[in-house]
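Q: I have a protein open in the viewer and would like to talk through its main features. Could we begin with the overall picture and then turn to single residues?

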Amino acid sequence: MSSMDMPADLPRGRAERSVPKAAAQAAAAPRLSWLTLALMTTSSVASLRAAPTMAVYGLACVFLYLVPAIVFLLPTALVSAELASGWPGGVYRWVSEGLSKPLGFLAVWCQFAMTIFYYPSLLAFVASTLAYVIDPRLAANGLYTAIVIMVLYWTGVWVSSRGTKALAGLSSWGLIIGTLIPGAVLVVLGIVFLGQGNASAAPMTASHLFPQWTGLASLVLIVNNFLSYSGMEMNAVHVSSLKDPAREYPKSMFLAMGLVLLIFILPALAISWVVPGNQLSLTAGVMQAFDAFFSHFHVGWLTPIAAVMLVAAALGGMLTWLAGPSKGLLEISRQEGYLPPYLQKLNKNGIQQNILVTQGVVTTVIALLYALIPDVSNVYWIFSTITTQVYLIVYLLMLVAAMRLRRTQPDHPRGYRVPALNLMCVVGLLASLAALVIGFVPPSQFGSGSIGAYIGIIGGGLVILGLLIPYAFLKLRKPGWKQPAVTDQAGETA
């Protein structure tokens with residue numbers, strides 16, 4: 001801890017004693033290898049859920065995954081590493097230090113608010129996958145999808161509110177059970193399928209490496225990939241645990257990026273080999289491919305097993321992360337009084353139950369839209385886009401804050417410094433702004449739906465959820481909304 005990091009009201013003798021103590025703690029901190037960090041990052045980012053979205057493009061999905069990886073994934077991963085190594089505490093601390101506390105609240109709010117639409121879209125994927133255990137025709141049934149979303153979300157709230165610690169390991173098992181094994185099986189079956197001389201449903205010639213240009217709508221699905229790559233800033237907090245951050249962190253991120261690209265691209269290609277694009281469901285596409293492959297190889301009895309694996313992993317991920325973003329919002333709100341006391345209230349297990357319940361009410365309303373709008377894929381796409389738009393606000397604020405901190409606090413100690421930081425930030429900013437704009441264009445798969453209605457829903461979701469609600473909290477907050485810090489069972493202050 002440097003002298004500039006010490007609180008001004010800390011007595012000198014105590015401050016001097018805290019230096020060797022902090023140094024000893026840093027020396028005793030567990031070290032991570034760059035390979036371990038790469039695998040941790042891969043497990044937190046990679047998923048099969050987005051594969052059908054890109055399988056629509058066939059071979060062009062390679063291009064559509066590579067572009068956002070270079071212009072968005074890499075800049076945000078490296079920039080968040082510098083911020084985390086200099087200002088522990090996450091995106092609220094970074095944006096507050098670099099810009100202002102109200103904008104810091106906006107960033108942490110958007111990080112939480114994106115889950116309001118993320119969970120319905122995730123559970124819609126679960127519902128369509130689960131349909132292949134019950135009746136595949138249910139995958140396109142909006143009422144069935146709405147019921148599954150509501151039942152599973154409220155069950156998740158009940159489990160999370162009990163403070164169950166056994167859920168902590170579900171994310172790592174989810175990577176193996178629900179991503180790596182099914183993804184590998186899908187790719188192997190696809191290669192064997194083509195090796196037998198069967199024709200690919202999507203053309204695989206060099207002329208199809210790039211998506212056909214029919215206007216912005218032909219490229220709009222690339223926006224979904226920004227959400228697929230989001231979350232890299234979560235693992236940036238581990239940069240200080242590396243032995244040589246300046247050399248090992250970039251190496252770790254490049255390896256993670258390569259693994260993530262393989263997990264995203266190969267299953268998407270395998271799906272495009274067996275399911276024609278005009279028949280592909282954005283929610284049930286993975287199971288459509290498994291069903292087609294297993295039927296072709298006369299092992300149809302494996303289809304429900306694959307569905308159960310995917311469902312188990314998705315639910316494990318949901319339960320693991322359900323209380324995470326809301327806990328971060330709670331801690332900041334108690335310190336600064338951003339939320340009314342009702343939303344800051346904890347249950348007997350120290351869980352922010354009222355926030356989860358309020359979020360659940362909104363999730364229930366959103367779920368009902370699946371029952372009211374005929375095309376489940378369209379609803380899924382709309383919610384995924386709103387989720388991406390709201391989360392992009394976080395990255396815009398983070399990148400601007402990083403440039404300003406490099407200028408206003410150049411000597412502040414950082415464990416890692418991004419080479420050409422301003423260039424990285426500008427590339428990330430331009431990519432994020434482009435994604436925001438493109439997100440308002442209906443995809444070519446949207447069909448004959450009203451363009452005005454689509455733009456209104458996306459824009460309304462972004463403005464209300466990402467701007468108006470946090471602005472209202474800031475305008476209405478009162479000094480009495482500040483609460484004492486939360487102390488967990490271990491006696492540590494949050």
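A: This is a predicted model. The protein has 494 residues, and 52% of them count as buried.

Q: How many helices and strands are there in the protein?
A: The protein contains 19 helices and 0 strands.

Q: And the contacts, what percentage join residues at least 24 apart?
A: Taking contacts between residues at least 6 apart in sequence, 80% join residues at least 24 apart.

Q: What about the accessible surface of the protein, how much is there?
A: The accessible surface comes to about 21400 Å². Carbon and sulfur atoms account for 68% of that area.

Q: Is Leu180 buried or partly exposed?
A: Leu180 is partly exposed, because its relative accessible area is 38%, and partly exposed refers to values between the 20% limit for buried and the 50% limit for exposed.

Q: Changing topic, where does Glu331 sit?
A: Glu331 belongs to helix H14, spanning residues 324-336.

Q: Why does Glu331 count as partly exposed?
A: The relative accessibility of Glu331 is 22%, so Glu331 counts as partly exposed; buried would require a value under 20%.

Q: What separates the C-alpha atoms of Glu331 and Gln483?
A: The C-alpha atoms of Glu331 and Gln483 are separated by 9.4 Å, while the two residues are 152 residues apart along the chain.

Conventions. Residues are numbered from 1 along each chain as its sequence is written. This is a predicted model: local features need pLDDT of at least 70, side-chain atom pairs count only at pLDDT 80 or more; totals for chains, interfaces and linings use all residues. Side-chain values use heavy atoms; hydrogens and water are left out. Helices (H or I, at least four residues) and strands (E, at least two) are DSSP runs, numbered from the N terminus. Buried means under 20% relative accessible area, exposed over 50%, partly exposed in between (1.4 Å probe, protein chains only). Contact means heavy atoms within 4.5 Å. Accessible areas come from the Shrake-Rupley method with a 1.4 Å probe; for residues, only the protein chains shown count as cover.
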